[in-house]
Amino acid sequence: MIFNTFAYFILFLVPAAILFRHVRTALQPWVCLLFGAGFFVFFSIKQAGGAAGAVCLLIFIWEAIFSRFYKKGSWLCFVGIAQTILFLVVFKYWNFLTGLVLGPKNNVLFWPGAFLPLGISFFTFEFIHYAVDRYRGTAPAGKFGEYMSFILFFPTMVAGPIKRYQDFLPALREPSLEWAADWEIGTTRVLAGLAKKFALADFLTAFTNHLNRNDIASAQRWVLPIWLLAYGMKIYFDFSAYSDIAIGSARLFGIRVKENFDWPYIRTNISDFWKHWHMSLYRWLVDYIFIPLGGSRCRPPRVIVNLLLTMMLSGLWHGAGLNFIAWGLWHGLLLSVRWIWVRLRAAARIPDTGLAGAVGAWTITFITVNLGWAFFCMNLPTAMFFLKRLFIG
Amino acid sequence: MNPTETKSEFERLDAIPQPRPAQKLLKAGWWLIDSLDYLGGSRDTPPTGFPFRGNIWRGLWWGLLIGIILLFCGQTSKFIYIDF
């Protein structure tokens, strides 16, 4: 839960933000660092792995020390990327991958006590970003304390927005001094996020709880799209509420974090949807997977492979399950169709079609995105059963 | 995934001549979005013509949000992305 607990506000956010505003600039990163470390240990013990989860703080310390050796063009950056991927694979995918290889019933390598360290999916992406950008020479080294405060900045540690060091460092060195405005807007953002979470996202749980095999089998067919749509709305309100609280919390420090959602459901094509849904992840995927694979400056079949691979990895990142891979591939397919359509349309010189065309494009985008949530919120057999019931009966 | 394609179809509509009701509808829609962004704290300044400005309205808005939070907070479900 974290952001919707009193402990978050009373023990961490308010004291850290006030202290951050009062200490000298040189000490500000250390305020972020100390409160971030305390936050990680506290919520790990309470919610993510217990004492073993709290020990994972060592990952941050190791990363901060190791990253000091990163230089432009250095092979150590690749070692840093590899070890970060290893952390992610061991904690998040161990049982999934060994299960795929050895079979779920004969998996002698099954780790019964497996746990997810708090925010591992997000902080590992920041580690990889830093290693890659140091290799490219596009990110400054910064000081030890500054980098530690970047990776341990608790408002964004657990579920983003995924930050970039080159954005964060100037904000950390020269945070906004407009106390009143920052607190007014930051508080509004936090309150709006909490209200969105409690009143909208949690309310929709009453509908989404039905997305299981038994209820799907016994439900009338017309109810099924309502349940799926409820999930689509729930995940939007839930995650955008989380991002609101994270961004509002950072604002209390005088640090501006980039937006993560910008009305994704009003977008009229899938590419646009992704530019406004979980924007920090989208930018990360483009910069660190899609473009290194060759991006869209390749032959068309290769571009399509790049899109499918990028989105498949995005799906896998969301969860260790075949359903998440299917969800990623679904979006890769949609993006590929969109990519082909844009080129065909340009070649055929089809003009913009006005409001009716936009409404049609929006309808297609909205339906296809929401159909995709079936793979996201149910395991693969249940999702296939849901879609079969939805379309065939 | 072409980063140059930044405008949505709806935004591109501004460049195309539209019937007057459609123009009005689009304008009202964008104004509503800007207003909600301001109320949600993701925009620092209200859009032109936004009626509820000033500290009293801000206080009332915070009161309403706190009321909603208190009313619904018993459900306490987890944030979905915490588990990722």
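Tutor: Start where helix α6 of chain A stops: A:Gly137 follows α6(A) and has a positive phi, near 80 degrees. This is a predicted model, in which local features need pLDDT of at least 70, side-chain atom pairs count only at pLDDT 80 or more, and totals for chains, interfaces and linings use all residues. Residues are numbered from 1 along each chain as its sequence is written, while chains are lettered from A and ligands numbered from 1 in the order in which they are written.

Helices are DSSP runs of H or I with at least four residues, numbered from the N terminus. α6(A) covers residues 120-136, and its 17 residues at 1.5 Å a residue should span 24 Å, which agrees with the 24 Å between its end C-alpha atoms. The expected span is 1.5 Å times one less than the number of residues. Of those 17 residues, 15 are buried, so α6(A) is largely enclosed by the rest of the structure. Buried means that 20 or more other C-beta atoms, placed from the backbone, lie within 10 Å of the residue's own.

Chain B gives some context. Chain B has 3 helices and 0 strands, in the order α-α-α from the N terminus on. Of its 84 residues, 12% count as buried.

Back in chain A, A:Phe60, A:Glu63 and A:Ala64 of α4(A) meet A:Phe144, A:Tyr147, A:Met148 and A:Ile151 of α7(A); contact means C-beta atoms, placed from the backbone, within 7 Å.

Definitions and conventions: Two residues are in contact if their C-beta atoms, placed from the backbone, lie within 7 Å. Helices (H or I, at least four residues) and strands (E, at least two) are DSSP runs, numbered from the N terminus.
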